[in-house]
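User: Hello! I would like to learn how the words used for a protein model follow from their definitions. Could you take me through one?

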Amino acid sequence: MFQNAKYIKGLTDIKDQPDSRPIVLLLGRSNVGKSSFINSITNRKNLARTSQTPGKTVVLNYYLIDDTFYLVDAPGYGYAKRSKTDQDNFVIMLENILMNASNLKLVCLLIDFKVGPTTLDLETCEFVKSLGHTPIVIATKLDKIPKTKQYKQMKDIKMKFHDKIDIYAISNLEKQGLDDIRIRIMEGFK
Ligand code: GTP
Ligand code: MG
């Protein structure tokens with residue numbers, strides 16, 4: 001599971017998708033750990049580019065996993081330095097994939113476990129739902145909260161989503177919580 005991963009291409013319009021294999025879309029604030037998540041879930045160090053310069057990717061990056069489905073790394077939202085044109089294109093691109101990609105099987109909304117869901121995270125969640133998808137939440141950077149406080153933090157995060165959503169806490173740094181998500185992703189294709 002997730003043994004074989006390769007980068008295929010970046011695209012801005014789903015008409016350019018490599019083929020109709022299922023896709024799992026990763027959404028989240030810039031710097032939340034989307035690219036790191038692709039690296040850790042595939043056990044690779046540098047498959048997806050992680051950067052200190054956030055928000056650079058303005059394309060949907062397709063990674064083929066086990067020859068069966070694509071993980072799609074979307075540009076981070078909430079990146080202040082992005083130009084108006086890039087921001088508009090980002091929203092159009094997102095709407096396009098959410099509304100028109102019939103092979104879209106799962107939307108993963110990544111948030112920062114320590115920060116909790118921001119207003120923009122909650123708005124994005126609602127936006128995804130309004131277009132007919134029920135996202136799962138992946139809360140990254142679990143390692144930044146001491147173990148004794150993790151339970152309470154998880155409870156607080158759940159409350160902010162009104163308990164209506166599946167939330168997985170992970171650490172890309174310490175490789176925690178990844179198996180549960182691998183299983184959840186695979187379930188999405190049944
Ligand atoms: P954009 O491409 O700008 O949208 O960002 P991104 O969501 O792809 O974030 P990226 O994976 O590049 O990670 C941003 C920073 O957070 C990097 O410095 C990572 O090393 C760090 N990071 C990612 N995941 C974790 C985690 O689980 N724990 C800790 N401590 N740091 C993490
Ligand atoms: Mg990235």
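User: What makes E3 and E4 a hairpin, and which residue in the turn has a positive phi?

Analyst: E3 and E4 form a hairpin with three residues between them, and Asp-66 in the turn has a positive phi of about 50°. Helices (H or I, at least four residues) and strands (E, at least two) are DSSP runs, numbered from the N terminus. A word on the source: this is a predicted model, where local features need pLDDT of at least 70 and side-chain atom pairs count only at pLDDT 80 or more, while totals for chains, interfaces and linings use all residues. Residues are numbered from 1 along each chain as its sequence is written, chains are lettered from A and ligands numbered from 1 in the order in which they are written, and side-chain values use heavy atoms, with hydrogens and water left out.

User: How do you know that E3 and E4 pair, and which way do they run?

Analyst: Two strands pair if DSSP finds at least two bridges between them. Five bridges join E3 to E4, so this pair meets the definition, and the two run antiparallel. One of the bridges links Ile-65 with Phe-69 in E4. E4 also has four bridges to strand E2 (residues 23-28), this time running parallel. There, Leu-25 has Val-72 as its bridge partner, and Leu-26 has Asp-73.

User: Why are E1 and E7 said to stand at the edges?

Analyst: The open sheet has seven strands in the order E1-E3-E4-E2-E5-E6-E7, with mixed pairing. Strand E1 (5-11) and E7 each have a single partner strand, so one side of each is left without a neighbour in the sheet. From one strand to the next, the twist averages 25°.

User: What makes E4 mostly covered?

Analyst: Buried means under 20% relative accessible area, exposed over 50%, and partly exposed in between (1.4 Å probe, protein chains only). Five of the five residues of E4 are buried, so the strand is called mostly covered. Phe-69, Leu-71 and Asp-73 point one way, Tyr-70 and Val-72 the other way, and all are buried.

User: How do you know that the length of H4 is close to what is expected?

Analyst: The expected span is 1.5 Å times one less than the number of residues. Helix H4 (residues 147-160) has 14 residues and reaches 21 Å from its first C-alpha to its last, close to the expected 20 Å.

User: Which residues of H4 are buried, and why are they said to be on the same side?

Analyst: They are Gln-150, Gln-153, Met-154 and Ile-157. These cover an arc of only 105° around the axis (taken from the directions from the helix axis to the C-beta atoms), which puts them on the same side of H4. On the other side, the exposed residues are Thr-148, Lys-149, Tyr-151, Lys-152, Lys-155 and Met-159. The buried residues pack against strand E5 (104-112) and strand E7 (167-169), where contact means heavy atoms within 4.5 Å.

User: What makes a nonpolar core, and which residues have the most contacts inside the largest one?

Analyst: A nonpolar core is a set of buried Ala, Val, Leu, Ile, Met, Phe, Trp, Tyr and Cys residues joined through side-chain atoms within 4.5 Å. The largest has 34 residues, with Leu-25, Leu-60, Tyr-62, Ile-97 and Phe-161 having the most contacts inside it. H2 gives the largest share, five residues.

Terms used. Axes fitted to C-alpha atoms, helices over the stretch in contact; angles between N-to-C directions.
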